[in-house]
Amino acid sequence: MGNHSDGSPNHSGTVATAGQSEVAKFQDPGIPPHRLRLADTDPRAAKRAERQVALLFGSSVVGTVIFLVAYFAIDLGADSTIGTVRLQNALLGLGTAFAMLGIGTGIVHWAKALMPDHEVSEERHAIRTEEDRQAAVRIVDDIVEETGIKRRPLIRNTLLGAVALAPLPALAIFGDLGPRPDDKLAHTMWAPQDGKLKRLARDPDGTPIKAADVTIGSAFHVIPEGLNEMHEGKLDEKAKSVVLLMRLNPEELNPSPERADWAYNGIVAYSKICTHVGCPVALYEQQTHHLLCPCHQSTFDLTQQCKVIFGPASRPLPQLPIAVDSEGYLVATSDFHEPVGPSYWEREEHVRNNNA
Amino acid sequence: MSATTTPDASVFVAETKGGRITDFVDQRVGGSGILREFGRKVFPDHWSFMFGEVALYSFVILLLSGTFLTFFFDPSMAETRYAGSYLPLKNVEMSVAYSSSLDISFDVRGGLFMRQVHHWAALLFVASVSVHMLRVFFTGAFRKPRELNWVVGGVLLILSMAAGFTGYSLPDDLLSGNGLRIIDGVIKSIPVVGTYISFFLFGGEFPGTVIISRLYMLHILLVPALILLMIVMHLFMVVVHKHTQYPGPGRNDGNVVGYPLGPVYAAKAGGFFFIVFGVVALMAGFFTINPIWNYGPYDPSPVSAGTQPDWYIGFVDGALRLMPGIIGNWQVEQVWFGHVFSFNVLLPALVPAGIIFTVLFTYPWIERWITRDNREHHVLDRPRNAPTRTAIGMAGFTWYCVMWAAAGSDLIATHFHVALNDVTYWLRALFFIGPVIAFIVTKRVALALQRKDREIALHGRETGRIVRLPHGEFIEVHAPLDEYKRYKLVGFESPSPLPAVPNDHGVVDKKEKRRAKLSQWFFEDRVAPATPAELEAAHGHHGGHEAIEAAESQKTLSR
């Protein structure tokens, strides 16, 4: 191993050694000698590799046949079940996999076992020559000079101004992508219509809920009466107006004075739309009286007017004031007093307007 | 060029059939120059170079399967009643988009297969782009002259996530609808224009009736067109730069060592396309992905627990989960000047992703400034030989993984029977200390591996054979390396910190001082490659017994 201790620094390639201490480095010994494969020396091994490649290509043909048989023999008629679909899907996958893997592994095996495996070294050429670079710089300078843009600032500045303003129409034509928000987010369909209070109805069938049906510990998913009969914008309204209805022991609720008459006999209704980013707060823990949003785990405490006790939400769920009408059905005495769902820039203004 | 092409062409007559075809094409379009340039172009070979290929091939599979799906998918959000063959949803009110997605799954022959191929290929596409970028980062392949190609790669990563998300939303099922709802909530938190952007995107209030068709146009036209454009630029630059190669004997910054494009490299790369396709087909055949029929049509009221977004959105969703909405008694959402600032949504949605992509896009220039290394690099670094860069990469990767894990906090809690709140508290802590720990551990591991390399280079490989010498001493026999293997362990640069350099006016300005400090931090812990003199000394130490080396520590940590 003494031939490596000659102490000559390695200057092969373009590696500059700026910032490095100039100690002797190992000399690059060059590409390792090529080793012959079995198939290079033994014709029988080569023949064997050839047969293996052919076998792999053959398995691809089998795969194609499997696909075609599965495609035509399995009928997705009216009486097909999910089992039929699954079976066909599995066979189509198996067929395609064989067809593709057969070709792929065959070619790769062919390349690795039979094609020449000599590693070659090729010179890297510089991306550009110094001569080209200088010529290019000169050309750019000449072009800029001939336009005279540096000498005539009036032209330059007016052009810049024009170009800066020209995209405005392009922005403007996107103005009709949607309506202006106005105060649409501030109201839901719980607002009394023509003096008639909206009944609370079951989600999804829409039957109204009697106060007597709500036992302690139960929870209802609620929509406003009349939502299911809507044709236009039904989902838009539903996305704002879904409500969770729960009944607790009245002494477990601790309503603030201004919300004293928002509950009926321990029955409370809260917006189901999370104040974080709007997922439905669908999980009710009966024992702890916590509401949990399954998307990001915001947790609200029913006994503290749905205050946030954990998770990324920052505001309590809005409460829907409820009462009972003459027939014993639960009704909303007014709309929510604040916009439901995630926060938005104009929300505070809408809260003020709603309460004015 | 000249009008007398035909008589001239008979000067050279190709003898083989392949030659005649080549000649025919060449006389019409003049491709011989291209063939001469590329036919035998040398490509270095390494398994880690295949991630980029996987990305390219899964994109081709996406184009093929996606085209099939467009023939049957209808992006309308009009209300309809399901009349297909999946009985549990019979007569259920739903959008035409969801209904046609169900038809693709149950009533179009091979439709379910194509849907699953498309979805698996999409997941694989984003994954392979990400892993490819990690490979490029950790091996330093982004260094000059490849900085711009690194940026194109970053744009491709963003585009691939955009393609994934727009596609994920199209079936209009319950799960994807909830995903859109979250996006809507995030958009609404943007100051000043958030509400308007939300209304313009959804054509009114959420969910409206236009979002699916708008996303569809983005998904099948705009985003794929941009991806294609970026891929063309990416590959063009690969050709201009030629591929990087791993360090080793015979490889340096002035050459490319590998196999010629034709036939070996082309065969391997071409064959690999079929292998990727085959594996995707196998997954599509046997592993269900996104069973939309289980979720039902989108409805703003129900939601199922334990649902997950596609993996690449996970880190943003996880960040949203980690952010507390109330700290102590302080509401993170603030009302200033009569307007709402939802920092509890805005910060986690924008800041981590913003930091990750800003650092990603600027890193080549940051490192170049710190190291003042303006040379071209075509030989890659082994990650251990650039300990600080590797540690930075692992810190970022760990940060990403913590956020990603947070997206499954509920599943972690149920699976390991721990409290959900505790999982969140731990992940919040890890969000801050995880990257720091990762940085320190990675750097130490890299330095330890370098020392190990030194030891092996100087003393050879441990053979596990114990020999008793005549005077009773036991030693383990070390086998010396051949010169090629040794060169792989010693043939790297180990730059030392670069002190502040005065500028043209002979002044060391503040910026330069800062750079020198960062350079100190970057390179202060270093293990120098073994030198021939050290090898000589190591051999001489043992009285010329070349094959028998004591396992005595000869580590020299130079500073």
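1. The model is predicted, with local features needing pLDDT of at least 70 and side-chain atom pairs counting only at pLDDT 80 or more, whereas totals for chains, interfaces and linings use all residues. Residues are numbered from 1 along each chain as its sequence is written, and chains are lettered from A and ligands numbered from 1 in the order of writing.

2. The contact draws 106 residues from chain B and 92 residues from chain A, two residues being in contact if their C-beta atoms, placed from the backbone, lie within 7 Å. On the side of chain B that touches chain A, helix 11 (residues 261-286) gives the most, with 16 residues; helices are DSSP runs of H or I with at least four residues, strands are runs of E with at least two, and both are numbered from the N terminus.

3. Strand 1 (residues 120-123) of chain A pairs with strand 4 (residues 255-260) of chain B in the antiparallel sense over four bridges, where pairing requires that DSSP finds at least two bridges between the strands. A:Glu123 has B:Asn255 of strand 4 as its bridge partner.

4. Chain A is divided into domain 1 (38-113), domain 2 (130-164) and domain 3 (185-355), with bounds from an automatic or database domain assignment. The centres of domain 1 and domain 2 of chain A, taken over C-alpha atoms, are 61 Å apart.

5. B:Thr244 lies in the loop between helix 10 (211-241) and strand 4 of chain B. B:Thr244 is buried because 24 other C-beta atoms lie within 10 Å, the cut-off for buried being 20 or more such atoms, with C-beta atoms placed from the backbone. Not counting residues up to four places away in sequence, B:Thr244 touches B:Ala141, B:His378 and B:Leu380.

Technical notes
Buried ≥ 20, exposed ≤ 12 C-beta atoms within 10 Å, placed from the backbone.
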